Amino acid sequence: MKRILVTGGSGFLGSWLCEKLLEQGNEVICVDNFYTGAKRNIYHLLDNKRFELIRHDVTFPLYVECDEIYNLACPASPIHYQRDPVQTVKTCVHGAINMLGLAKRINAKILQASTSEVYGDPAIHPQVEEYWGNVNPIGVRSCYDEGKRCAETLFNCYSMQNATRIKIIRIFNTYGPRMHPHDGRVVSNFILQALQNQDITIYGDGSQTRSFCYRDDLIDGMMKLMATPDEITGPVNVGNPGEFTILQLAENIIDLTGSSSKIIRMPLPSDDPKQRKPDITKARELLNWQPTTPLREGLVKTIEYFEDLLKIDPEFCCGQE
């Protein structure tokens, strides 16, 4: 049994990670300031004697004892991270410094949840870990993109200077139950619009591509990276190399929901990447990992979640928390 700290533990991915770690018999400390995380995601864990919840902002130091740290704390959708860009940068940078400082003091292994956004609007396709990216440092998305890039630098510096045991995972588009219903991500947006027979909004002509990884596959890859020997530090891409256009995603969701929604087009947002697809060669070789959930299968489960959420808490789905 390990004692494991998960920052951002009440979020979409963090809550599933906490649940999986508990299933393995570990003690879990969930840390969240609930800026984007939802208490409903962890209510069912509160009675577990091996689960502890701490309301805390990672931009301030934290003093606990643990064996491993998963640093997931950060708003991860454009709507949320652009709402307070200064705080987003602080969460990425100060949060990394504080969690790395904790890992150094207690000799804990620490994993950074980085992102495919470090590649920006990529000039190579698919994206390999050796690619340095094409990021606008002063664009509307830079608070997140550059914040995550700086966090990776900090992790690498702590590894070189202090022999801190680090892991860096670069997460590509992930979806599944417990996604925040109004975080502006394309899967949750399309599903909610389709379930309510509203027009589905596509930006640009819909030809921009994304790869969509189901949450179970992503969590499995994250835990496998944490379990690797200390000499494997990353970064390692984890995502689904299956590539779909945004238009194809909308058409799939309309079909699976039986919706009468129509597709409408709006201007493309600033700095929106045209292509996003991971090269997962390293994940296959180092982690023996690859995604196993087809897009339509994962969409069915995600649609079922939002159908139930619309019945239970329609105000939450409509952004009236």
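**Met266 and the rest of the chain**

A: Happy to. Met266 is partly exposed, because its relative accessible area is 41% and that class lies between buried (under 20%) and exposed (over 50%), with a 1.4 Å probe and protein chains only.

Q: Before we go on, what kind of model is this?
A: It's a predicted model, where local features need pLDDT of at least 70 and side-chain atom pairs count only at pLDDT 80 or more, while totals for chains, interfaces and linings use all residues. Residues are numbered from 1 along each chain as its sequence is written, and side-chain values use heavy atoms, with hydrogens and water left out.

Q: Thanks. Which strand is Met266 in?
A: Met266 sits in strand S13, residues 263–266. Strands (E, at least two residues) and helices (H or I, at least four) are DSSP runs, numbered from the N terminus.

Q: And what does Met266 touch?
A: Setting aside residues up to four places away in sequence, Met266 touches Thr201, Ile202, Tyr203 and Gly204. Contact here means heavy atoms within 4.5 Å.

Q: How far is Met266 from Cys213?
A: Their C-alpha atoms are separated by 25 Å, and Met266 and Cys213 are 53 residues apart along the chain.

Q: Let's zoom out. How many helices and strands are there?
A: The chain has ten helices and 13 strands. Its radius of gyration is 19 Å, close to the 20 Å from the globule rule for 321 residues, so the chain is as compact as a globular protein of that length. That radius is taken over C-alpha atoms, and the rule is 2.2 Å times the number of residues to the power 0.38.

Q: What does the C-alpha trace span?
A: About 55 × 45 × 40 Å along the principal axes.

Q: How much of the chain counts as buried?
A: Of the 321 residues, 54% do. As for contacts with a separation of 6 or more, 81% are between residues 24 or more positions apart.

Q: New topic: Gln112. Buried or exposed?
A: Gln112 counts as buried, because its relative accessibility is 2%. You'll find Gln112 in strand S5, residues 109–115.

Q: So what does the side chain of Gln112 make a polar contact with?
A: With the side chain of Asn71, at 2.8 Å. A polar contact is a pair of N or O atoms within 3.5 Å; within protein, one must be able to donate a hydrogen and the other to accept it, and residues adjacent in sequence count only if both atoms are side-chain atoms.

Q: Where is Asn71, then?
A: Asn71 lies in strand S4, residues 68–71. Asn71 is buried too, with a relative accessible area of 3%.

Q: What else do the two touch?
A: Beyond residues up to four places away in sequence, Asn71 has contacts that include Thr7, Ala96 and Met99. Leaving out neighbours within four places, Gln112 is in contact with residues including Lys148, Phe155 and Ile168.

Q: One more: where is Asn41?
A: Asn41 is in the loop between strand S2 (27–32) and strand S3 (51–55). Asn41 is buried, with a relative accessible area of 5%.
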